[in-house]
Structure formats: structure tokens, C-alpha cells
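Okay, thanks for coming, everyone. Let me put it up on the screen.

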Amino acid sequence: ELSKPSISLVVAALKPNLGIGYQGKMPWRLRKEIKYFKDVTCKVSNPTSQINAVIMGRKTWESIPKKFRPLPDRINVVLSRGFPTCEVIEENIIHANSLDESLKYLSKSDHNRSIERIFVIGGAEIYNTLIDDPRTSHLLLTEIETDKEIPVDTYLKFPLYDENTSWIKQSKQELQSFVGDEIILEDDIKEGDFVYNYTLWKRK
Ligand code: FOL
């Protein structure tokens, strides 16, 4: 058997409280950041033989503009407790009623291409469950800062900055190696009222 796909969380959050949402939407629109999201989640070692998967909750699916979904060049898995087990809706869209069902589906080798990486792309409930799941090996966190008062009602409950955390922030060099040389990593990117940095965390 070939190597199992890694599971990574991908998320952008406002420091220091790790706010990610307000009234069902993201509190910002960061053009370069969403391009980074697209580049990172699409990138595979060998595009003719591999593809990545994105796993998201139903509300996150509904929040993606219709013209962008399913997210192209990725297998899109949508989770809802109301879905019946696991079914293929169309090319690149899978419905599942649990994370375990979706991982079981993705591990079956009946796809044209093998799955290199699995990215969990939200929302809050799924992130906050998966951060404590030992199958999640990586966290790609975009740390956003601002001077403005940004209304936020949804937060990551991530133990990153706790004293006994098992999550370690990796060097920029480690992040570069994870995303590959084609992706240019700038520091302190400024867009509107926000400044942000891309980070990679690994479980100890
Ligand atoms: N992680 C990070 N780092 N940034 C995000 O914005 C983000 N967003 C989500 C999950 N993890 C994230 C969930 N929300 C699209 C829209 C919303 C969304 C995720 C993706 C989307 O439409 N993406 C398109 C590109 C759109 C564009 O070019 O404007 C894609 O193909 O990925």
C-alpha cells in the first residue's frame, strides 16, 4: 500500500483570541490569503496521479460562492449529520454523515487518482473537534492581526499557546518545505486593516 494521506487543518484566525467568524461569515476578505488557501490545498507532488481532498461542514459548503464550488482540482467532502452515510453526489462532491465515514470513503482505492493530502477547511465545530484528534498531524494557521475592533462570535478552541501544549510552531523553512517551492511565502502581508502571517504547526 502507498503512504496514507496526512490530515491538516487549514484556517485563518485573528490573534490573540483566534476568532474566525461572525454571524456565519468570515470577518474579512483577504485576496492574497484565499489565493494561498487555494494554492496550498491544490498542490500535489504529481498532478497526473494525485489529488487532495478537502473536508468541510455543511455551513462552510454553503458559505462558498456557488461559482467557486465544488472547489476545483480537489475532492470535496461535505459533512452533515443529516446525510445518509456516504454517497457520491457528482464528480468531486461526496456527502458523508461523519468524519470517520468520509475517511473510510477516501481510503478506498477506487478513485482515478490517489489522495496525497486531506485538508479540513472548517467550520468551527469541525476544527475544534479535529484539533484534539491524533489523526490530525498538521495545522496551517494564518495568524491575522489588526488594530480595529472586529466583531467576532466564533472562535477556535485550540490549545496552541497553553503551557503544556502538544502543538509546536514550525520554522518558516519547515512551512516552505510543506507547501513546496512554487508557493512564495511573504511576511507581514498587509491587506486593508489586517496584517497576517502563514504558520505551520505540528503535533509533538
Ligand atoms: N483557511 C485559510 N487560510 N483561509 C481561508 O479563507 C479559509 N476559508 C475557509 C477554510 N479555511 C481557510 C472556508 N471558506 C473559498 C471560499 C470560502 C472558504 C474557503 C474557500 C473559495 O471560494 N476558494 C476558492 C478560491 C476563491 C477565490 O479565488 O476568490 C478555491 O478555489 O479555493
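Two housekeeping points. What you see is a predicted model, where local features need pLDDT of at least 70, side-chain atom pairs count only at pLDDT 80 or more, and totals for chains, interfaces and linings use all residues. Residues are numbered from 1 along each chain as its sequence is written.

So, which residues come nearest to the ligand? There are 17 residues around the ligand, and A12, F37, K38, F68 and I121 come nearest. For that shell, a residue is near if its C-beta atom, placed from the backbone, lies within 6 Å of the molecule. The elements giving two or more residues to the shell are β1 (6–14), α1 (31–42) and α2 (58–63). When I say helix or strand, I'm using DSSP runs, numbered from the N terminus: H or I with at least four residues for helices, E with at least two for strands. The top contributor to the shell is α1, with four residues. By class, the shell has eleven nonpolar, four polar and two charged residues. Nonpolar here is Ala, Val, Leu, Ile, Met, Phe, Trp, Tyr, Cys and Pro; charged is Asp, Glu, Lys and Arg; and the others, Gly among them, are polar.

Now the inside. I'll call a residue buried if 20 or more other C-beta atoms lie within 10 Å of its own, exposed if 12 or fewer, and partly exposed in between, with C-beta atoms placed from the backbone. A nonpolar core is then a set of buried Ala, Val, Leu, Ile, Met, Phe, Trp, Tyr and Cys residues joined through C-beta atoms within 7 Å. The largest one has 44 residues, and V11, A13, V54, I55, V77 and L156 have the most contacts inside it. The element giving the most to this core is β1, with six residues. Take V77: leaving aside neighbours within four places in sequence, V77 is in contact with A53, V54, I55, I94, A96 and S102. Contact means that the C-beta atoms, placed from the backbone, lie within 7 Å.

Back to α1. This helix has twelve residues and reaches 17 Å from its first C-alpha to its last, close to the 16 Å expected at 1.5 Å a residue. That expected span is 1.5 Å times one less than the number of residues. Which residues of α1 are buried? They are Y36, F37, V40 and T41. Seen down the axis of α1, the buried residues fall within an arc of 115°, so they line one face of the helix. The arc is taken from the directions from the helix axis to the C-beta atoms. Turned away from that buried side are the exposed R31, K32 and K35.

Helix α3 (residues 99–107) comes next. Here S102, Y105 and L106 are buried, and they cover an arc of only 95° around the axis, which puts them on the same side of α3. On the other side, D100 and S107 are exposed. What covers the buried residues of α3 includes β3 (50–57), β4 (74–79), β5 (86–90), β6 (93–96) and β7 (114–120).

R117 is in β7, and R117 is buried, with 21 other C-beta atoms within 10 Å.

Last, the backbone. Most residues other than glycine have a negative phi, and most peptide bonds are trans. With that in mind, a cis peptide bond joins R69 and P70, with omega about 0°, and P70 sits in the loop between α2 and β4. Another cis bond joins G122 and G123, with omega about 5°; G123 lies in the loop between β7 and α4 (124–130).

As for phi, Q23 is not a glycine, yet its phi is positive, about 50°. Q23 lies in the loop between β2 (19–21) and α1, and with 9 C-beta neighbours inside 10 Å it counts as exposed. D73, also not a glycine, has a positive phi of about 65°. D73 is in the loop between α2 and β4, and is partly exposed, with 14 other C-beta atoms within 10 Å.

Note on methods
Contact = placed C-beta atoms within 7 Å.
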